[in-house]
Amino acid sequence: MSILLVRHGETAANVARVMQHPDVPLSARGIRQAERLAERLCGLGFVHVLCSDHVRAQMTAAPLVARGHAIEYSPLLQERNFGD
């Protein structure tokens with residue numbers, strides 16, 4: 001059994017190197033990255049996808065959904081904010 005960990009595609013906040021809010025969407029480049037990722041993952045025959053419920057993570061998973069794969073979204077995969 002293999003477990004693959006994948007980070008979301010690029011966002012404008014990534015490029016600007018600033019802290020992101022949960023609702024930051026993927027950039028055009030991030031959407032292309034998500035498409036390429038889906039192409040590669042579909043060739044692996046995976047069984048389950050667990051995804052953060054943040055917009056950027058959902059957008060990264062969207063090409064898999066478009067190909068008929070079920071995605072389980074979970075707030076447990078959100079990054080944690082422990083303050084200053």
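**Close-up 1. Arg29, a partly exposed residue, and its salt bridge to Glu10.** In this predicted model, Arg29 counts as partly exposed because its relative accessibility is 46%. The side chain of Arg29 meets that of Glu10 in a salt bridge, with 3.0 Å from N to O. This pair links distant parts of the chain, since Arg29 belongs to helix 2 (residues 28-42) while Glu10 lies in the segment before helix 1 (12-16), 19 residues apart. Glu10, at 15% relative accessibility, counts as buried.

**Close-up 2. The salt bridge between Arg67 and Glu35****.** Here the two side chains meet at 3.0 Å, again given from N to O. Arg67 is placed in the loop between helix 3 (55-66) and strand 2 (72-74), whereas Glu35 sits in helix 2, so the pair ties together parts that are 32 residues apart in sequence. Arg67 is partly exposed, with a relative accessible area of 36%, and Glu35 is also partly exposed, with a value of 32%. A search of the whole structure finds two salt bridges.

Close-up 3. Read from the N terminus, the elements follow the order α-α-β-α-β. The radius of gyration is 13 Å, close to the 12 Å that the globule rule gives for 84 residues, and the protein is therefore as compact as a globular protein of that length. Of the 84 residues, 30% count as buried, and the protein exposes about 6,300 Å², of which carbon and sulfur atoms supply 57%. The protein carries 9 positive and 8 negative side chains, and the centres of these two sets lie 8 Å apart.

Terms used
Residues numbered from 1 in each chain as written. Predicted model: local features only at pLDDT ≥ 70, side-chain atom pairs only at ≥ 80, totals over all residues. Heavy atoms only, no water. Salt bridge = Lys/Arg side-chain N within 4 Å of Asp/Glu carboxyl O. Helix = DSSP H or I, 4+ residues; strand = E, 2+ residues; numbered from the N terminus. Buried < 20%, exposed > 50% of the residue type's maximum accessible area, 1.4 Å probe, protein only. Rg over C-alpha atoms; globule rule 2.2 N^0.38 Å. Areas by Shrake-Rupley, 256 points an atom, 1.4 Å probe, with all protein chains shown as cover. Lys, Arg positive; Asp, Glu negative; His and termini not counted. Charge placed at Lys NZ, Arg CZ, Asp CG, Glu CD.
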